[in-house]
Amino acid sequence: QIAGAWEDWLIEALESYPEFVPPISFEKIKALADRVIDRGVKMGEGWLLPGEAAELIEKGYTNIICAQPFGCLPNHIVGKGTIRRLRELYPKANIFPVDYDSGASKVNQENRIKLMLAMAKEERHETARA
């Protein structure tokens, strides 16, 4: 109960400042995550990151870079699966995983980010034309 009261207080305090976008409650993030992946998944991305990505998308932040700091197989499997599911739920979402580990080349990382930005720019132009 105390954690919920602190959470409510924080969200309410941030709502007073238009320069901040207050987070949704942890309960709502869990509900968003449930649409993407089971909360029993503890490996790789787990369930919290897809829940937070869904929150961002629902708030209008449809361009998301998922920086993956480790090149581990569970992270790639779970991460790619959740990205696919997020794209099914939110067709306009532009989500790109970028690997940041010792085996990833800087050029590849930069090219993936440039591709994501190019797709975001194209989507913005298409929306403006409509």
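Reader: How many aromatic pairs does the structure hold?
Author: This is a predicted model, and it holds three aromatic pairs. One of them joins Trp6 and Trp9: the ring centres are 5.8 Å apart and the planes stand at 80 degrees, so the pair is edge-to-face.

Reader: Why edge-to-face at 80 degrees?
Author: Because planes over 60 degrees apart count as edge-to-face, and the planes of Trp6 and Trp9 are at 80 degrees.

Reader: How far apart are Trp6 and Trp9 along helix H1?
Author: They are three residues apart in helix H1, which covers residues 2-15, so about one helical turn separates them.

Reader: Is Trp9 buried or exposed?
Author: Exposed, with a relative accessible area of 54%. The cut-off for exposed is over 50%. Trp6 is exposed too.

Reader: OK, what about Tyr17 and Phe20?
Author: They also form an edge-to-face aromatic pair, with 6.4 Å between centres and 85 degrees between planes. Tyr17 is partly exposed at 45% relative accessibility, and Phe20 is partly exposed at 46%.

Reader: Now the inside. Which residues touch the most other members of the largest nonpolar core?
Author: Ile57, Leu86, Tyr90 and Ile95, out of 15 residues in that core. Helix H2 (26-34), helix H3 (48-58) and helix H4 (73-89) each give two or more residues to this core. In soluble globular proteins, nonpolar side chains tend to be buried together.

Reader: What is Tyr90 in contact with, leaving aside its neighbours within four places in sequence?
Author: Leu32, Arg35, Ala54, Ile57 and Glu58.

Reader: Switching to charges. How many salt bridges are there?
Author: Seven in the whole structure. One of them is between Lys30 and Glu27, at 2.9 Å from N to O. Those two residues are three apart in helix H2, so they are separated by about one helical turn.

Reader: Are Lys30 and Glu27 buried or exposed?
Author: Lys30 counts as buried, at 15% relative accessibility. Glu27 counts as exposed, at 53%.

Reader: Which residue does Glu55 meet in a salt bridge?
Author: Lys59, again with 2.9 Å from N to O. Glu55 is buried, at 10% relative accessible area, while Lys59 is partly exposed, at 31%.

Reader: And Arg85, what does that bridge to?
Author: Glu88, with the closest N and O atoms 3.2 Å apart. Arg85 and Glu88 are three residues apart in helix H4, about one helical turn. Arg85 is partly exposed, at 31% relative accessibility.

Methods: Residues numbered from 1 in each chain as written. Predicted model: local features only at pLDDT ≥ 70, side-chain atom pairs only at ≥ 80, totals over all residues. Heavy atoms only, no water. Core = buried A, V, L, I, M, F, W, Y, C linked by side-chain atoms within 4.5 Å. Buried < 20%, exposed > 50% of the residue type's maximum accessible area, 1.4 Å probe, protein only. Helix = DSSP H or I, 4+ residues; strand = E, 2+ residues; numbered from the N terminus. Contact = heavy atoms within 4.5 Å. Phe/Tyr/Trp six-rings, centres within 6.5 Å; stacked < 30°, edge-to-face > 60°. Salt bridge = Lys/Arg side-chain N within 4 Å of Asp/Glu carboxyl O.
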